[in-house]
Amino acid sequence: MIVTIRVDDRLIHGQVALLWTKKLQADGIVVANDAAAINETQQMTLKMAAPYNVKLTIKTIEDSVKLLNNPKAEKMRIFVLVNSIKDARDLVEKLDGKGLTINIANAGRFDGEDISKKMTLTKTVLVSDSELVNLKALIDSENDVILQTLPDEPVKMAADLLKSHEK
């Protein structure tokens, strides 16, 4: 069972490992990232950052879909991490996901694109025109798309933030 899909450009770090994993009572983390799946150094770094008591799996988006669609996955509380809104959209569409929570927490800060040309939704979420298309597609899906960096912060609905920026 997927408890949350989190978009975080840093994937696993202290907030994810200590706060979110505990808050979500996750017993498994799936990092769905094509680059990390083939980069041994990044895999070692992610493994060091992950909580010792939580099973960590690092897969491509495609292999993550296969894993998450496996009936055995229904018995676990799985926290899924991607590092871009596009990857979240690809994953949700390939899972044919409905009723999921997608938390856009940290995005668009380190992707190499010019920050001055991006829309700032929160201090940790910046979206380019292409990511805006992906975000709108997620909002239009039958899923809850939220922005929440830390568990004790208030939940902001992505659709509401976009409406306030479009005025």
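This is a predicted model: local features need pLDDT of at least 70, side-chain atom pairs count only at pLDDT 80 or more; totals for chains, interfaces and linings use all residues.
Contact here means heavy atoms within 4.5 Å.

In helix 7, the residues Ala158, Leu161 and Leu162 are buried. Viewed down the axis of helix 7, these buried residues fall within an arc of 100°, so they line one face of the helix. Their packing partners are strand 6 (119-122), helix 6, strand 8 (144-147) and strand 9 (156-157).

Two packed helices are described by the angle between their axes and the distance between the axes. For helix 6 (residues 129-140) and helix 7 (residues 158-166), the axes come within 10 Å and cross at roughly 130°. Angles over 145 degrees count as roughly antiparallel and those from 65 to 115 as roughly perpendicular; helix 6 and helix 7 are therefore oblique to each other. Their crossing is left-handed. On the side of helix 6, the contact is made by Leu132, Leu135, Lys136 and Ile139, and on the side of helix 7 by Ala158, Ala159, Leu162 and Glu166. By class, the residues of this contact comprise six nonpolar and two charged, with no polar ones.

Helix 5 contributes Ile85, Lys86, Ala88, Arg89 and Val92 to the contact, while helix 6 contributes Glu131, Val133, Asn134, Leu135, Ala137 and Leu138. Seven of the residues in this contact are nonpolar, one is polar and three are charged.

Most residues other than glycine have a negative phi. Leu11, in the loop between strand 1 (2-8) and helix 1 (14-24), has a positive phi near 60°. Gln25, in the loop between helix 1 and strand 2 (28-32), has a positive phi near 55°. Are these two residues buried or exposed? Leu11 has a relative accessible area of 2%, and because the cut-off for buried is under 20%, Leu11 is buried. Gln25, at 58% relative accessibility, counts as exposed, since the cut-off for that class is over 50%.

Notes. Residues are numbered from 1 along each chain as its sequence is written. Side-chain values use heavy atoms; hydrogens and water are left out. Axes are lines fitted to C-alpha atoms, for helices over the stretch in contact, and angles run from 0 to 180 degrees between N-to-C directions. Helices (H or I, at least four residues) and strands (E, at least two) are DSSP runs, numbered from the N terminus. Angles under 35 degrees count as roughly parallel, over 145 as roughly antiparallel, 65 to 115 as roughly perpendicular and the rest as oblique. A crossing is left-handed if the near helix is turned anticlockwise from the far one by less than a right angle, and right-handed if clockwise. Ala, Val, Leu, Ile, Met, Phe, Trp, Tyr, Cys and Pro count as nonpolar, Asp, Glu, Lys and Arg as charged, and the others, Gly among them, as polar. Buried means under 20% relative accessible area, exposed over 50%, partly exposed in between (1.4 Å probe, protein chains only). The arc is that of the directions from the helix axis to the C-beta atoms.
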